[in-house]
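Biologist: I'd like to learn how to read a model with two chains. Could you walk me through it?

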Number of protein chains: 2
Amino acid sequence: MIVIEKAKEMQQYSESLRNRGKKVAFVPTMGYLHRGHLRLMEEGRKLGDCLVTSIYVNPTQFGPTEDLAKYPRDFEMDSRLCEGVGVDAIYFPSNDEMYPLHYQTYVDLQVVTQNLCGLSRPGHFRGVATVCAKLFNLVKPHVAVFGKKDFQQLVVIKRMVTDLNLDLEIVGLDTVREADGLAMSSRNIYLKPDERESALSLSRGLKKAKGMYDKGERDAAAIIDAVSRFIGGHPHAKIDYVNICDTTTMKDVARLDGESVMALAVRVGVARLIDNYVFGETLNV
Amino acid sequence: MIVIEKAKEMQQYSESLRNRGKKVAFVPTMGYLHRGHLRLMEEGRKLGDCLVTSIYVNPTQFGPTEDLAKYPRDFEMDSRLCEGVGVDAIYFPSNDEMYPLHYQTYVDLQVVTQNLCGLSRPGHFRGVATVCAKLFNLVKPHVAVFGKKDFQQLVVIKRMVTDLNLDLEIVGLDTVREADGLAMSSRNIYLKPDERESALSLSRGLKKAKGMYDKGERDAAAIIDAVSRFIGGHPHAKIDYVNICDTTTMKDVARLDGESVMALAVRVGVARLIDNYVFGETLNV
């Protein structure tokens, strides 16, 4: 496994693989890897002849009051974990490499970014779309693998890839959970022991929503109300949003007729946790 | 020479060339080709093993009151001209191919787009950057050739390519002019015979600016004032802007110390004409 820090070197590495007819798979991450990431890498390993991952805590997707400075980092451990799952190359750029002097170009999506995390984290998806566009141009993958835990992010990236004619396939994988149902996240380390029960209100709330849907409930407000009351009943849980949206536009729906997703963001202590459930699918909680 | 209309076909064509070690050169155009375009294609022919051009009147770079509907089009003639200069493939997409249902992604630059045409044509450079990003992803060139007549556009595209890590080289070529000095433009066909003399005030104004600079004038206001008075003295000429800018930031400068460009936009009848001169360089007027 090699570690690449420079843009030109990354592009030459991938271009040389592509020219030899090799299929490049890519898993972009912000590091501090958990089993969710490793699951993405295992899938990438299967999808490509060569697996590249990136480890980069992207400043442009953090708001000014967010946790950029204290976002957990551990490159040594990440590097060993990558080697363990068969990563061929880690792209590990510096901020100066990614956003040099005079940097000024951003990718904006006008619809799917407007609701949910787009409302509570202004500029977040502009940062995500921009850094992914850059990473796709740097790593030149045939396929890139993302987790469905960040559901709106996956919708944003798929839409950008279609709209900007980026020649790669985006694959989304099911959320990986702890034994108790908590969705894996690098931010889970912020949780204190007495906050755990409140953190589980997200996955349990989704299970409640699934239950109502499976019994025939199609009124979004009824499901949102029940889930909000359930989560709100937990002492450390502060709801950021509880919405049901169309999975194409990410706009709120009143009735669950087309493909809909329940998306949650809840603050538990200093951790902001997200989770989601696409109605009609299985839920491993 | 082949004509390609579909995105996937365009990408496969270029990918197959790249995989065989061929260098792809690209000249994007809005069609209605003149000798300026053909000069770009001749250069593209030299720079690559294979030359692709695109003919696409991009709606997102036109404002609501601009000349999108009446912009001149003649694909038959363009196609013959391309064949004549050795183009291998014309990419000729439809609007539905470029901007399908749910399209919503745009590339924005925050600094170099703010002055000049960015002021008089709001959204213009967003449209230019977006369509160029798309075309670069569709055609996958090693090198793309643009004219310096659209100087700010060239700065925008170079900046976007750097910022988004697009793996291609941008080459800018000198403006090609009519015998009387008028910069070649597809919009010159809007000019009526009695407007020609007024149209020549742009290139002649630039020559005046060069003369002042060569004699040692470094005060931007003095040069702008002289050129504005000269152009304004022509009966059909209505100045949109006369500015002197830094060529990296495209911000106005007070003194011509670093690399500076005089940029002009003038309405002559229904035609909006632009021209420019980078101080210290030659001017073929």
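This is a predicted model: local features need pLDDT of at least 70, side-chain atom pairs count only at pLDDT 80 or more; totals for chains, interfaces and linings use all residues.

Biologist: Which residue in S3(B) is the bridge partner of Phe26(B)?

Modeller: That's Val52(B). To get from S2(B) to S3(B), the chain passes through helix H2 (residues 35-47) of chain B, and this β-α-β crossover is right-handed.

Biologist: And how many bridges link S2(B) with strand S6 (residues 143-147) of chain B?

Modeller: Two, again in the parallel sense. Phe26(B) turns up here as well, standing opposite Ala144(B) in S6(B).

Biologist: Let's move on to the two chains. How is chain B superposed on chain A?

Modeller: The general idea is that two copies of a chain are related by a rotation about an axis and a shift along it. In this model the rotation is 180° with 0.0 Å of shift along its axis, and the RMSD is 0.0 Å. That is the relation of a two-fold axis.

Biologist: How many residues does each chain bring to the contact?

Modeller: Chain A brings 26 residues and chain B brings 26 residues. On chain B, at least two residues each come from helix H1 (7-19), strand S5 (105-109), helix H6 (124-139) and helix H7 (151-163). S5(B) gives the most to that side, with five residues. By type, the side of chain B that touches chain A has 12 nonpolar, nine polar and five charged residues.

Biologist: Why do you say the copies meet through the same surface?

Modeller: Of the interface residues of chain B, 96% are also interface residues in chain A, so the copies meet through the same surface.

Biologist: What happens between the S5 strands?

Modeller: Strand S5 (residues 105-109) of chain A and S5(B) run antiparallel, joined by five bridges. One place to look is Thr105(A), which stands opposite Leu109(B).

Biologist: What about Leu109(A): buried or exposed?

Modeller: Leu109(A), found in strand S5 of chain A, counts as buried because it has 23 C-beta neighbours inside 10 Å. Leaving aside neighbours within four places in sequence, its contacts include Phe125(A), Val156(A) and Arg159(A), along with Gln104(B) and Thr105(B) from the other chain. The C-alpha atoms of Leu109(A) and Phe125(A) are 8.0 Å apart, with the two residues 16 apart along the chain.

Biologist: Which residues have the most contacts inside the largest nonpolar core?

Modeller: Met160(A) and Met160(B), in a core of 152 residues. Not counting residues up to four places away in sequence, Met160(A) touches Val107(A), Leu109(A), Ala129(A), Cys132(A), Ala133(A) and Thr105(B).

Biologist: One last stop: where is Cys117(A)?

Modeller: In helix H5 (residues 117-120) of chain A. Cys117(A) has 23 C-beta neighbours inside 10 Å, so it counts as buried. Beyond four places in sequence, Cys117(A) is in contact with His124(A), Gln152(A) and Ala265(A).

Note on methods: Residues are numbered from 1 along each chain as its sequence is written. Chains are lettered from A and ligands numbered from 1 in the order in which they are written. Two residues are in contact if their C-beta atoms, placed from the backbone, lie within 7 Å. Helices (H or I, at least four residues) and strands (E, at least two) are DSSP runs, numbered from the N terminus. Ala, Val, Leu, Ile, Met, Phe, Trp, Tyr, Cys and Pro count as nonpolar, Asp, Glu, Lys and Arg as charged, and the others, Gly among them, as polar. Two strands pair if DSSP finds at least two bridges between them. Copies are superposed by least squares on the C-alpha atoms of residues with pLDDT of at least 70 in both. A nonpolar core is a set of buried Ala, Val, Leu, Ile, Met, Phe, Trp, Tyr and Cys residues joined through C-beta atoms within 7 Å. A residue is buried if 20 or more other C-beta atoms lie within 10 Å of its own, exposed if 12 or fewer, and partly exposed in between; C-beta atoms are placed from the backbone. A crossover is right-handed if, with the strands pointing away from the viewer, the path from the first strand over the helix to the second runs clockwise.
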